[in-house]
Each structure stands twice: as C-alpha cells, then as structure tokens.
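Here's a quick walk through one protein model, from a single side chain out to the whole fold. Have the viewer open as you read.

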Amino acid sequence: MNHPRPKARLSRALGIPLTRKCVRYFERRPYPPGVHGRNRRKTSDYQVRLLEKQRLRHQYNVSEAQLRRTFDEAARGAGKTGESLVALLERRLDAVVLRAGLARSIYQARQLVGHGHFTVDGHKVDRPSYRLRPGQVVAVRERSRALPPFQLAATGAHADDLPRPYLSVELTGLRATLLREPARHEVPVVCDEQLVVEFYSR
C-alpha cells in the first residue's frame with residue numbers, strides 16, 4: 001500500500017518513527033508537521049483514539065478496510081479483542097518477514113512479498129496479507145537469494161537486537177518459522193490497543 005506522504009512527515013504526525021531511517025528526523029523535530037505543529041494539543045477523546053488507531057494501521061502498513069476487517073475478526077474470537085487484533089496483524093506474511101529480519105522496513109517487506117520473492121511451506125505466496133499458522137515456514141525463493149536485499153539480510157543487517165520468541169529464524173538460510181501465536185508483550189508495536197477497540201466500538 002503506497003502512502004503519498006513522506007515517511008518522516010507521517011512519523012511526526014503519528015508521534016512515532018515508522019522506520020529506522022526516520023528516527024533521526026523524528027528526534028530532531030519530535031512534534032507534528034506544519035506551521036502549527038508545536039502548538040497543537042489533543043483536546044478530545046476521539047482524537048486520542050483516532051491517533052492510536054492510525055498508529056497501529058501505519059505500523060503494519062494496512063488500509064483502513066483491512067484493519068477494520070481484522071478488528072471484526074478479532075472481536076468475534078475468544079480472549080481480549082485488542083490483543084487478538086495485534087496477534088492477527090503480527091501473523092501477516094509481510095509482518096513476519098519484517099520481524100525475521102528479512103526486510104529493513106514494513107514497506108520493503110510488503111514490496112518484496114508482492115514481487116513474489118517468498119514461499120510459505122515451499123509454495124510461492126505474493127499476498128502480504130496472507131496469514132501464517134503456527135508451524136508454517138517462510139523462505140526466500142531460490143532464484144531470489146542472490147539479490148542484494150537478501151544478501152544484506154543474510155548478514156543480519158536488519159535483524160532486531162532481541163529475537164522474537166514466537167519465531168525461529170535462520171538468517172543464513174533466509175527462512176523463518178512461526179512457532180506459535182505471538183503474545184502482545186512480545187510484539188514491538190507502539191500502541192494502546194484498548195483505545196483502538198474503543199475507537200471501533202463507539
């Protein structure tokens with residue numbers, strides 16, 4: 001999903017850096033963009049909840065329709081709706097590719113998946129929204145392994161300092177296995193998911 005706004009400007013609007021490259025821009029100007037960015041104040045409950053929903057949406061680079069469908073699915077399931085929502089989003093193929101260190105950002109992960117560079121259990125999958133089940137293996141296709149983005153990923157350039165306990169990752173082999181459902185405290189997403197639930201439940 002392509003966003004016309006520059007990522008640094010979008011990061012400032014949301015109050016969180018969306019990519020590693022945005023961190024230095026965000027630290028230099030940690031306030032919303034625009035002439036009145038320094039003087040803006042959140043005044044309503046609606047604005048607070050809307051901001052949290054937008055934060056969650058942009059961290060996974062999904063459309064409003066996709067997020068709404070995922071929320072409805074989480075609301076129908078057992079357990080806390082907010083935690084279920086984050087777990088469902090975290091099991092998307094592009095999110096797993098990012099967490100495994102096979103891409104530098106969610107935007108690159110979505111692009112690489114869409115271009116058909118990945119397989120799931122040996123079958124090519126080019127849908128970023130494909131939802132993995134525990135036990136499934138994501139791997140870079142043989143014909144794609146020599147490409148520069150994957151050669152860089154194999155060195156660990158994009159890997160997180162703390163590996164995700166719900167993933168088994170073999171960077172040299174450019175593959176990852178989803179071991180189990182992600183728990184909310186294990187997911188590095190900056191968001192109060194309860195406010196997202198309140199936004200959609202209003």
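Gln66 sits in helix α4, residues 64-76; helices (H or I, at least four residues) and strands (E, at least two) are DSSP runs, numbered from the N terminus. Before going on, note that this is a predicted model, where local features need pLDDT of at least 70, side-chain atom pairs count only at pLDDT 80 or more, and totals for chains, interfaces and linings use all residues. Residues are numbered from 1 along each chain as its sequence is written, and side-chain values use heavy atoms, with hydrogens and water left out.

Is Gln66 buried or exposed? Gln66 counts as buried because its relative accessibility is 15%; buried means under 20% relative accessible area, exposed over 50%, partly exposed in between (1.4 Å probe, protein chains only). Neighbours within four places in sequence aside, Gln66 is in contact with Arg92, Arg110 and Ser129, contact being heavy atoms within 4.5 Å.

Now for helix α3 (residues 45-59). Its 15 residues should span 21 Å at 1.5 Å a residue, and the end C-alpha atoms are 22 Å apart, which agrees; the expected span is 1.5 Å times one less than the number of residues. Just after α3, Asn61 has a positive phi of about 55 degrees.

| Helix | Buried residues | Buried residues pack against |
|---|---|---|
| α3 (45-59) | Leu51, Glu52, Lys53, Arg55, Leu56, Arg57, His58, Gln59 | α1 (7-14), α4, α5 (81-90), α7 (106-114), α9 (193-201) |
| α9 (193-201) | Glu193, Leu195, Val196, Val197, Phe199, Tyr200 | α3, α4, α5 |

Leu56 of α3 turns up again in the largest nonpolar core. That core has 50 residues, and Leu56, Tyr60, Leu93, Val97 and Phe118 touch the most other members; a nonpolar core is a set of buried Ala, Val, Leu, Ile, Met, Phe, Trp, Tyr and Cys residues joined through side-chain atoms within 4.5 Å. Not counting residues up to four places away in sequence, Val97 touches Leu102, Ala103, Ala109, Val113, Phe118 and Val138.

On to the strands. Five of them form an open sheet, ordered β2-β1-β3-β5-β4 with antiparallel pairing. The edges are β2 (123-124) and β4 (167-170), each pairing on one side only; two strands pair if DSSP finds at least two bridges between them. β4 and β5 (residues 175-178) share 4 antiparallel bridges, and Ser168 has Thr177 in β5 as its bridge partner.

Zooming out, the protein has 9 helices and 5 strands, and 49% of its 202 residues count as buried.
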